[in-house]
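Subject: Structure for you to look at

Hello,

Here is the structure I said I would pass on. Please open it next to this message and follow along; my notes come after it.

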Amino acid sequence: MRIDIITIFPDYFAPLELSLIGKARAAGILDVHLHDLRSWTYDRHNTVDDTPYGGGPGMVMKPEPWGEALDAVVAAGAAALGRPDAVPTLVLPAPSGVPFTQARAGDLAAEPWLLFACGRYEGIDSRVAEEAAERMPVMELSIGDYVLAGGESATLVMVETVSRLLPGVLGNTDSVTQDSFAPGEMENLLEGPVYTKPSVWRGREVPPVLLSGNHGAVDRWRRDQALRKTARNRPELLERIPADRLDRHDQEV
Ligand code: 6GU
């Protein structure tokens, strides 16, 4: 997968060198390109923002640098991919976007090319997304119901979430299907508690079923724990589990 990121803070993305994503890049599974929006400014102060029409607080990002940046990054990416007509899916991180979920991450992981446009201040002049939508798919995505200072940290969150779903990125390919929110049996369920050695630590024992070697009993116990954790931390999620995914034992938990 190719990922382009346009930002006024390319240094913000240093963590993409590390850990899982760093390894995926080294392995050629993930091809990340960072671009400084200010390269498409031509005044002495490299201005990217201006006051909002209609008044109000804060500043809005100017459309001209964004328009040129998108043109250049799309053209360079298409050339690099050897497909002159290819376009990326443009992701605009914004608190006003549609919710970024595990399901949406799965959809994005199936795309060959993503372009993240990180806005700061009160956002990017709305004509930029409007114009881009005439030539590429555009998604405004929010990572939660709170307001960040800019799209950079949200982009890190989305890139990490998508990257670990790419084939070959995680060692144990089973682990993504067992995640909280994973489509399928964990949909709308939170993962329960986990344990490792030693079997007794500070007088606390690991639940004996996990040492029993009885895989059926372990699976049942894990599902019960997931249901309980969900009821405790996210009761609204339980309502979303379709009746045909709940068995008789589930109803008793
Ligand atoms: Cl994607 N961006 C910003 N600036 N704030 C957010 C967000 C995104 N998601 C939640 N809050």
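To sort residues by class, Ala, Val, Leu, Ile, Met, Phe, Trp, Tyr, Cys and Pro are counted as nonpolar, Asp, Glu, Lys and Arg as charged, and the others, including Gly, as polar. Keep in mind that this is a predicted model.

The ligand

With those classes, the shell around the ligand has 9 nonpolar and 5 polar residues, and no charged ones. There are 14 residues around the ligand, and the nearest of them are Pro93, Pro95, Ser142, Leu148 and Ala154. Which elements supply at least two residues of this shell? They are strand E5 (89-99), strand E7 (138-142) and helix H5 (151-163). E5 gives the most, with 4 residues.

The annotated binding site

The UniProt record, an unreviewed entry, lists Gly119, Ile143, Gly144, Asp145, Tyr146, Val147 and Leu148 under "binding site". Leu148 also belongs to the residues that come nearest to the ligand.

Two of the listed residues are worth a look. Ile143 is found in the loop between E7 and H5, and Asp145 has its place in the loop between E7 and H5 as well. Is each of them buried or exposed? A residue is called buried if 20 or more other C-beta atoms lie within 10 Å of its own, and exposed if 12 or fewer do. Ile143 has 21 such neighbours, so it counts as buried. Asp145 has 7, so it counts as exposed. Leaving aside residues up to four places away in sequence, Ile143 touches Phe100, Ala154, Val157 and Met158.

Strand E1 and its partners

What does E1 pair with? One partner is strand E2 (residues 31-36), which runs parallel to E1 and is joined to it by 6 bridges. Within this pair, Asp4 stands opposite His33 of E2. Between the two strands the chain passes through helix H1 (residues 19-26), and this β-α-β crossover is right-handed.

Strand E6 (residues 113-117) is also paired with E1 in the parallel sense, over 5 bridges. Here Ile3 has Leu114 of E6 as its bridge partner.

Regards

Definitions and conventions:
Residues numbered from 1 in each chain as written. Predicted model: local features only at pLDDT ≥ 70, side-chain atom pairs only at ≥ 80, totals over all residues. Near = placed C-beta within 6 Å. Pairing = 2+ DSSP bridges. Right-handed = clockwise from strand over helix to strand, strands pointing away. UniProt positions renumbered as here; feature names shortened; annotations may be inferred. Contact = placed C-beta atoms within 7 Å.
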